[in-house]
Amino acid sequence: MHLRLFTTARALARTLSVRIVRDLQANPRLVLGLPTGRTPIPLYEELVALHRRGKADFSDATTFNLDEFVGIAPGDPGSYLTFMRRRFFDQVNLSPWRHHLLNGMARNIERECARYERAIARAGGIDIQILGLGRNGHIGFNEPGDGLIARTHLAKLTLATRRANAPLFGRNVRKVPREALSVGIGTILEARRIVLIATGTSKARAVERMISGLVTPAVPASFLQLHPDVEIWLDVPAASRVRKPPTTARS
Ligand code: GLP
């Protein structure tokens, strides 16, 4: 795992946006795996700013989001689709049929999960998977447990994760769905490159366990240790428990 340390979350987002745009220039048909959550918001802001300055063209790019709540209509303010539309899709020139999200209202969940796996495969697989990190070490909605599910599946959300997502539902944890659809850990590990971003002290413990601990389903992000091309991008607070943090903070 290659660690990169940044003085601020904004500096991290700016550098990552430039990296993504460079990759996009090299390959306009780039396939991106995208996260939701608080952490990637500055990244989406920076990508939108680059697009507005004429520096980022998403017209031939394809995106796949990691996860979506079950039982929440696509237009609901709490859905990840709404989040993505507001923060990114509606602000750039990504074509609507090239951004993909799981449908949490699908009648046949199994079929929906299989459809998503097939769509990723048809797009040629994910070139760069951007990930956030749950405080409990989850990635996507792959929650800690006795075992992990390799492929896209129905996931039961822990109370901790529902609490973390409460801001999307008027801070009312009872309104946060108990289930979600998520790509599996195997799907994530098939991406050609992975960049996990984590910012703030609240992620420090999960970062430590992901990097320095055992590969264990108790810390789903620890499975990233098995991937040959993973970068972990941290701000200083998130790196505070890393035993040997990289010495040069970058901006
Ligand atoms: C959510 C999402 C994850 C995200 C994580 C961290 O539950 N399903 O994909 O990475 O929580 O969110 P945040 O960035 O808000 O801390």
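In this predicted model, an N or O atom in the side chain of Thr-39 sits 2.4 Å from an oxygen atom of the ligand.

| Side chain | Ligand atom | Distance |
|---|---|---|
| Thr-39 | oxygen | 2.4 Å |
| Lys-203 | oxygen | 2.6 Å |
| Asp-67 | nitrogen | 2.9 Å |

On its own the ligand exposes 390 Å², and the protein buries 93% of that (Shrake-Rupley areas, 1.4 Å probe).

Around the ligand are 14 residues, with Arg-38 and Asn-165 among the closest (a heavy atom within 4 Å counts as near). That shell splits into 3 nonpolar, 8 polar and 3 charged residues, with Asp, Glu, Lys and Arg counted as charged and Gly among the polar ones.

Now for the rings: the structure has 9 aromatic pairs (ring centres within 6.5 Å; planes under 30 degrees apart are stacked, over 60 edge-to-face, the rest tilted). Phe-64 and Tyr-116 make an edge-to-face pair, because their centres are 5.7 Å apart and their planes meet at 85°. Phe-64 belongs to strand 3 (residues 62-65) and Tyr-116 to helix 4 (residues 109-122), so the pair links parts of the chain 52 residues apart (DSSP runs, at least four residues for helices and at least two for strands).

Residues are numbered from 1 along each chain as its sequence is written. Local features need pLDDT of at least 70 and side-chain atom pairs pLDDT 80 or more, while totals for chains, interfaces and linings use all residues, and side-chain values use heavy atoms, without hydrogens and water.

Notes: A polar contact is a pair of N or O atoms within 3.5 Å; within protein, one must be able to donate a hydrogen and the other to accept it, and residues adjacent in sequence count only if both atoms are side-chain atoms. Rings of Phe, Tyr and Trp (its six-membered ring) pair if their centres lie within 6.5 Å; planes under 30 degrees apart count as stacked, over 60 as edge-to-face and the rest as tilted.
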